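Here are my notes on the model, point by point. Please read them with the structure open.

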Amino acid sequence: MKESSHPFSALTPNFIMDAVESQGFRCDCRTSALNSYENRVYQVGIEEEKPLIAKFYRPGRWSDDQIREEHQFCLELAEHELSVVAPWANSAGDTLFHYDGFRFALYPRQGGHAPEFDNDENLVILGRMLGRIHNIGAIHPFLHRPTLESLSFGHESVALIEERFIPEEYRASYKAVTGQLLAAIDEAFAKAQGVSQIRAHGDCHAGNILWRDGAPHFVDFDDARMAPAVQDLWMMLSGERSRQLVQLEQLVKGYTEFRDFHPGELRLVEPLRALRMLHYSAWLARRWEDPTFPITFPWFNTVRYWGEHILQLREQLSALDDPPLELP
């Protein structure tokens, strides 16, 4: 798809400033794009005030109700003095705005850097924050946003790749490994039926946590959904099993100062990692007509990529056979 035919091509600097000014601000003509692929995010200078962050939502991804539910969750967390970057609300209390066919939200600018997941003290602090976030997330469920489950993240992702993307020479290998992987994931989720689903951030990787002044600030709740609590912890675990056990111990040490942690959720760590791997490839595939994606991810959908991806899936299938992580 040519750049000019993609909806996001309408987001010129003038368009962005007009949208922001529709909410009563006066822009100083400075706009800069920030790293964001699913949506489009810009820092916009405001006359005699701090810059704002303008987030323009990808058309067709979320309904208005789903976006507002995400915003309300952030505002609810902020009301409990949790450090999340919540959307700006106008005098009527609205946080989602429409301008010439686009939906957008405005946020205060938050500085910081990615947290160090190898720092045990940082992990304790992150655990405390997540325990407090999950206490609020467990009060009531999302009504409009989805649940993290294997059908949409796993089965539908594999079906898309099989139908339109996998090279013929890798079709049989891909079908075999994903069939085994999905069966193992489904079995793991079936055995975890007693695990509670709560409102969760859903995408707690280092890029969505800004560390500043000794504290984490959680940003971008765009993937917020109903999920087990461990979904917001496992992406902070990395390295060999011995290191992951140390990281897990520190996270849970902080977490349990505010909320109980169900050890049975640990059996979902590798199944959730597998779902993310399957979903990530399908996400790239679904967005391939967005001209930003071939430019940013030129290695995707090459023969080499699929060969390496299948190898990674086989390694993940092996990881599912390993004993789950355990707390001391």
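**Notes on helix packing and loops**

1. Helix 9 covers residues 303-321, which is 19 residues. From first C-alpha to last it reaches 28 Å, close to the 27 Å expected at 1.5 Å a residue. Keep in mind that this is a predicted model.

2. Which residues of helix 9 are buried? They are Tyr-305, Trp-306, His-309, Ile-310, Leu-313, Gln-316, Leu-317, Ala-319 and Leu-320. Their packing partners are helix 4 (150-164), helix 5 (168-191) and helix 7 (269-286).

3. Leu-181 sits in helix 5. Its relative accessible area is 0%, so Leu-181 is buried. Leaving aside residues up to four places away in sequence, Leu-181 touches Ala-274, Leu-278, Leu-313, Gln-316, Leu-317 and Leu-320. Leu-313, Gln-316, Leu-317 and Leu-320 are also among the buried residues of helix 9. Check the pair Leu-181 and Arg-314 as well: 133 residues separate them in sequence, but the C-alpha to C-alpha distance is 8.3 Å.

4. Next, helix 4 against helix 7. Their axes come within 8 Å and cross at roughly 50°. The two helices are therefore oblique to each other. The crossing of helix 4 and helix 7 is left-handed. On the helix 4 side, the contact uses Ser-150, Phe-153, Gly-154, Glu-156, Ser-157, Val-158, Leu-160 and Ile-161. Helix 7 supplies Leu-275, Leu-278, His-279, Ser-281, Ala-282, Ala-285 and Arg-286. By class, this contact has eight nonpolar, five polar and two charged residues.

5. Helix 3 contributes Asp-120, Leu-123, Val-124, Leu-126, Gly-127, Arg-128, Leu-130, Gly-131 and His-134 to the contact. From helix 6 come Arg-243, Val-246, Gln-247, Gln-250, Leu-251, Lys-253, Gly-254 and Tyr-255. The class count for helix 3 with helix 6 is seven nonpolar, six polar and four charged residues.

6. Helix 2 (residues 64-79) has 16 residues. Its reach from first C-alpha to last is 22 Å, close to the 22 Å expected at 1.5 Å a residue. The buried residues of helix 2 are Gln-66, Ile-67, Glu-69, Glu-70, His-71, Phe-73, Cys-74, Glu-76 and Leu-77. Note that Glu-69, Glu-70 and Glu-76 are on that list. The cover over these buried residues includes strand 3 (49-56), strand 5 (102-108), helix 3 (120-137) and strand 6 (198-200). Just after helix 2, Glu-81 takes a positive phi of about 60°.

7. Asp-213 is not a glycine, yet its phi is positive, about 55°. Asp-213 lies in the loop between strand 7 (209-212) and strand 8 (215-218). Its relative accessibility is 76%, so Asp-213 counts as exposed.

8. Asp-220 also has a positive phi, near 55°, in a residue other than glycine. The loop between strand 8 and strand 9 (225-227) holds Asp-220. Is Asp-220 buried, exposed or partly exposed? Asp-220 is partly exposed, because its relative accessible area is 37%.

Note on methods:
Residues numbered from 1 in each chain as written. Predicted model: local features only at pLDDT ≥ 70, side-chain atom pairs only at ≥ 80, totals over all residues. Heavy atoms only, no water. Helix = DSSP H or I, 4+ residues; strand = E, 2+ residues; numbered from the N terminus. Expected span 1.5 Å × (residues − 1). Buried < 20%, exposed > 50% of the residue type's maximum accessible area, 1.4 Å probe, protein only. Contact = heavy atoms within 4.5 Å. Axes fitted to C-alpha atoms, helices over the stretch in contact; angles between N-to-C directions. Parallel < 35°, antiparallel > 145°, perpendicular 65-115°, else oblique. Left-handed = near helix turned anticlockwise from the far one by under 90°. Nonpolar A, V, L, I, M, F, W, Y, C, P; charged D, E, K, R; others polar.
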